Amino acid sequence: MSPKPDVSETRKNQILEAAVKVFTRMGFHDARMDDIVQESGLSKGALYWYFKGKDDVIMAILKNIFEGELKGLKALQVKEAPAPDLLREFMQLTIGELKNMTRLLPLAYEFYALAFRNKTVREAIRQYLQAYIDLITSLIQRGIDEGTFHPVNAEEMAISIGAMIEGTLVLWVFDPDRVDLERQLSHALGIFIENLEDN
């Protein structure tokens with residue numbers, strides 16, 4: 001007799017997908033574990049088997065989002081290519097991730113609001129942003145080391161690029177008719193790269 005397949009990851013993902021729908025629809029504050037149970041189609045016992053409470057579910061969603069975003073970007077650090085090309089590829093990957101996350105944007109802003117009240121969420125977001133900035137910093141430093149970028153403070157430039165991405169995203173969310181996310185980010189990063197390149 002063959003062993004039973006491990007369904008734990010499938011169940012977890014089923015719960016998290018249901019939770020994303022519930023939180024997007026109701027917000028973190030108003031959503032209850034019972035709402036997630038109903039949306040998932042699983043029993044309350046199954047939900048509590050994997051997650052102790054709503055905060056655990058929120059942190060698991062946050063972890064999935066961050067890990068998914070950083071996975072492709074981290075691969076750039078070991079890729080053999082000139083830094084300007086890698087920075088352009090980084091932007092295309094970032095734009096792709098942002099477009100894929102369109103349905104999660106209301107949830108993303110819920111996370112930011114929650115971070116002001118919840119130290120655990122704030123720390124998780126801080127760690128993600130640190131990893132994101134560190135990744136951009138490493139690409140810029142690589143360009144400095146290989147002589148394709150002017151010698152600048154790589155971390156300060158990375159923070160500026162990160163701020164540009166976050167700021168453009170906010171403008172796009174509130175005025176998508178005026179702000180074309182892909183065109184604006186590509187244009188802005190092009191200006192950063194032109195100023196960094198050693199001509």
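Reply: Start with the terms. On a 1 Å grid over the protein atoms alone, a pocket is an open set of points with protein on both sides within 12 Å along at least five of seven lines; a cavity is a set where a 1.4 Å probe fits but cannot get out; a lining residue has an atom within 4 Å of a point. Grid points are joined across faces, edges and corners, and the volume is the space filled by probe spheres set on them. This is a predicted model, so local features need pLDDT of at least 70 and side-chain atom pairs pLDDT 80 or more, while totals for chains, interfaces and linings use all residues. Residues are numbered from 1 along each chain as its sequence is written, and side-chain values use heavy atoms, without hydrogens or water.

Now the pocket. The largest one holds about 180 Å³. Its lining consists of Asn13, Leu16, Glu17, Val20, Ile61, Asn64, Ile65, Arg103 and Leu104. Helices here are DSSP runs of H or I, at least four residues long, and strands are runs of E, at least two long, numbered from the N terminus. H1 and H4 each supply at least two lining residues. H1 gives the most, with 4. By type, the lining divides into 5 nonpolar, 2 polar and 2 charged residues. In this scheme Ala, Val, Leu, Ile, Met, Phe, Trp, Tyr, Cys and Pro are nonpolar, Asp, Glu, Lys and Arg are charged, and the others, Gly among them, are polar.

Ile61 is among the residues that touch the most other members of the largest nonpolar core, which has 67 residues. Such a core is a set of buried Ala, Val, Leu, Ile, Met, Phe, Trp, Tyr and Cys residues joined through side-chain atoms within 4.5 Å. Buried means under 20% relative accessible area, exposed over 50%, and partly exposed in between, with a 1.4 Å probe and protein chains only. H7 gives this core its largest share, 11 residues. Ile140 also touches the most other members. Contact means heavy atoms within 4.5 Å. Beyond its neighbours within four places in sequence, Ile140 is in contact with residues including Leu87, Phe149, Ile161 and Leu196.

H6 spans residues 105–115, and its buried residues are Leu105, Leu107, Ala108, Phe111, Leu114 and Ala115. They pack against H1 (8–30), H4 (54–74), H7 (119–146) and H8 (154–174). Asn118 lies in the loop between H6 and H7. Asn118 counts as buried because its relative accessibility is 16%.

The chain has 9 helices and 0 strands. Of its 199 residues, 40% count as buried. The C-alpha atoms fill a box of roughly 65 × 50 × 30 Å along the principal axes.
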